[in-house]
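Please look over the sequence and the structure shown here. A short report on side-chain pairing follows them.

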Amino acid sequence: MGRPAVSGGLKRRDGSPIYRPRYPALVKDRVRWVGDYVAFVVAETLHQAADAAELIEVEYEELPAIVATADAVKKDAPLVWEDCPDNICFVQIDGDKAATDAAFVRAAHVVKNRFVINRVTAASMEPRGCVGSYSPFDGRYTLYSTLQRTFSFREELCRCVLKVRRTRCASSLATLAVRSA
């Protein structure tokens, strides 16, 4: 299986490509944040699924945590991903530093302040999940999702993950369907 592509051009401070962590459907070694998927249930009825979900038990070992973005880049911060030594995925620097520095030198007044910005996230009411089904009658897989970008996701899913031609995929605003190969 493949994985969806990332927008090009993003680099780390040393010029190397963006660090791209794996986001498996289910984590198997460690949970990195609230909401990481640790289990799923497949059942024929809703009642069977509810009964099975109640049987799931997960045991966690508490590990050092990072709760502030500024702490994540400190020298001895716990690593979120073991193969990303500084917890920085990419750095994006825009503008003209020399011109900006010169503008501050010429400014009559300079006000300094420190702003703490929480993690950027959508505040959607939809769940972060999806439901899939397979129809043996027409060989069609259907994924119901709350995605806002169904067409580009369909393209990425078909090309990078399922490895099927886009012509074998169908999409609408409410569903994403992929015909079996």
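This is a predicted model: local features need pLDDT of at least 70, side-chain atom pairs count only at pLDDT 80 or more; totals for chains, interfaces and linings use all residues.

Residues are numbered from 1 along each chain as its sequence is written, and side-chain values use heavy atoms, with hydrogens and water left out.

**Salt bridges**

A salt bridge here is a side-chain nitrogen of Lys or Arg within 4 Å of a carboxyl oxygen of Asp or Glu. The count comes to five salt bridges.

| Arg12 | Asp86 | 3.1 Å |

Arg30, Arg32 and Glu82 form one network, joined by salt bridges that share partners. Helices are DSSP runs (H or I, at least four residues), numbered from the N terminus. Arg30 lies in the segment before α1 and Glu82 in the loop between α2 and α3, so their bridge ties together parts that are 52 residues apart in sequence. Arg32 is also in the segment before α1, 50 residues from Glu82.

Arg30 is partly exposed at 21%. Glu82 is partly exposed too, at 47%.

**Around Arg12**

Arg12 lies in the segment before α1, which spans 46–54. Its bridge to Asp86, in the loop between α2 and α3, ties together parts 74 residues apart in sequence. Arg12 is buried, with a relative accessible area of 15%. Asp86 is partly exposed at 28%. Contact means heavy atoms within 4.5 Å. Leaving aside neighbours within four places in sequence, Arg12 is in contact with residues including Pro17, Tyr19, Cys84, Asp86, Cys89 and Phe90.

**Cysteines**

Two of those contacts are cysteines, Cys84 and Cys89. The disulfide count is zero. Cys84 is buried, with a relative accessible area of 3%. Cys89 is partly exposed at 28%.

**Aromatic rings**

Rings of Phe, Tyr and Trp (its six-membered ring) pair if their centres lie within 6.5 Å; planes under 30 degrees apart count as stacked, over 60 as edge-to-face and the rest as tilted. The structure holds one aromatic pair. The ring centres of Trp33 and Trp81 are 6.5 Å apart and the planes stand at 65°, so the pair is edge-to-face. Trp33 lies in the segment before α1 and Trp81 in the loop between α2 (69–72) and α3, so the pair ties together parts 48 residues apart in sequence. Trp33 is partly exposed at 37% relative accessible area. Trp81 is buried at 13%.

A charge sits over a ring if NZ of Lys or CZ of Arg is within 6 Å of the ring centre and within 35 degrees of the ring normal. The charged end of Arg32 sits over the ring of Trp81, 3.8 Å from its centre.

**Helix α3**

Helix α3 covers residues 97–106. Of its ten residues, the number buried is zero, so the helix lies largely in the open. Asp96 caps its N-terminal end, with a side-chain oxygen 3.2 Å from the backbone nitrogen of Ala98.

Technical notes. Buried means under 20% relative accessible area, exposed over 50%, partly exposed in between (1.4 Å probe, protein chains only). Helices (H or I, at least four residues) and strands (E, at least two) are DSSP runs, numbered from the N terminus. A polar contact is a pair of N or O atoms within 3.5 Å; within protein, one must be able to donate a hydrogen and the other to accept it, and residues adjacent in sequence count only if both atoms are side-chain atoms. A disulfide is a pair of cysteine sulfur atoms within 2.5 Å.
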